[in-house]
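Then we can walk through its inside together.

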Amino acid sequence: MVGRVTRGTGEEVLEGVLNCSTCLMEYPVLDGIPYLVSDLRSYVRENLSHLLARSDVSPELDGLLGDASGPGTHFEVARQFTSSYVWDHWADQDPEEVPPAELLGTPAPAPGGVVRHLIAGLSDLGRAPEGLTLDLGCSVGRSTFALAERRDGLVLGGDLNVPMIRLARRILESGEVRYARRRVGLVYDHRAFPVAVPGAERVDFWAFDATSPPFASGTIALATAFNVLDCVPSPHALLKGLEHVLAEGGGAVLSTPYDWSNGATPYESWLGGHSQRGPWAGASEPFLRALLTPGAHPHSLGGLRLVGERDVPWHVRMHDRSTVLYRAHLAALRRTSAPS
């Protein structure tokens, strides 16, 4: 419940404190985003510079600060990640975006991969019940808005990356995308353009952990998680969290290139990617299938069933001369039994 409101407009809390009547914890609301993180102390300590970062810096000064701080800083890492994700999520609506030329006989990289994955995943899943929809690891928000176009009811985007979810929130408030698009090295071109966000009145963005969504058992009708499974400390915990919050008959759509990194996921928790002498020779796809098949693995989930899967290409732009092409594994899941 809302404890204190220090800044707001009407019924909207832009800054304040939420109080949990169960755990007696306090959670901050900054720039309209509630930060519902279980280990709040560690999260704030690790993200304080981002939480207190200014959003009113001019493009000229942004470039100067980037040059002065240099590569490898929190500032520069955040700019690079934001540039890549905004390009994929929103560049198809940028009137100044020049379509890239075909490269060495391969198809030209195209933004909008996250929406294409969403459309394909919903098609494979089939009908999902009405109710609350979650977009786990929503990044800069395009998939959240795309869900609101296709779903009735409230759609919540959740992410722990402060710069990205703040950008998503600003798009919700303004209907405009503003970001620094990386050209090369520390050189960025600043873009600003309006975007269509139908259903924005039913969208909100919260900061929370995708592996432990702060929702009661059986309360979520549909959940999505694009490029998330290989970016969390425990992929199995993410699947368990989905099993817990999804309502009976509810669905989930996951997409991942299994681009494992020990910096994001301890390799003991990878789904494949190692143990090539094991039963699946280190492959990730059969590991996921086994976890979604009762009895196929000691840690198999009893309440989720795989109802569709396919490979879908996904371009990630790094800079003007570099675009990574992933072959992502798209999986549609169904909640088959009432949550325990």
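What follows goes from the nonpolar cores to the pockets and ends in a loop.

A word on ground rules: this is a predicted model, where local features need pLDDT of at least 70, side-chain atom pairs count only at pLDDT 80 or more, and totals for chains, interfaces and linings use all residues. Residues are numbered from 1 along each chain as its sequence is written, and side-chain values use heavy atoms, with hydrogens and water left out.

Let's start inside. A nonpolar core here is a set of buried Ala, Val, Leu, Ile, Met, Phe, Trp, Tyr and Cys residues joined through side-chain atoms within 4.5 Å, and buried means under 20% relative accessible area (1.4 Å probe, protein chains only). The largest such core has 48 residues, and the ones touching the most other members are Trp90, Phe145, Ile171, Val177 and Phe205. Helix H6 (residues 162-174) gives the most to this core, namely seven residues; helices (H or I, at least four residues) and strands (E, at least two) are DSSP runs, numbered from the N terminus. Zoom in on Phe145: beyond its neighbours within four places in sequence, its contacts (heavy atoms within 4.5 Å) include Trp90, Ile171 and Phe205. There's also a second, separate core of 31 residues, with Leu136, Leu229, Leu239 and Leu254 among them.

Now the pockets. On a 1 Å grid over the protein atoms alone, a pocket is an open set of points where a 1.4 Å probe fits, with protein on both sides within 12 Å along at least five of seven lines, and lining residues have an atom within 4 Å of a point. Volume is the space filled by probe spheres set on the points, which are joined across faces, edges and corners. The largest pocket holds about 1600 Å³. Its lining has 50 residues, with Phe81, Tyr85, Asp159, Asn161 and Cys231 closest to the centre, and H3 gives the most, with 10 residues.

The second largest pocket comes to about 1100 Å³. Arg54, Ser55, Asp62, Arg170 and Arg178 lie nearest its centre, out of 36 lining residues. Here H6 gives the most, with eight residues.

Last, the loop between strand S11 (246-256) and helix H8 (285-291), where you'll find Ser275. Ala281 is exposed (over 50%), at 53%.
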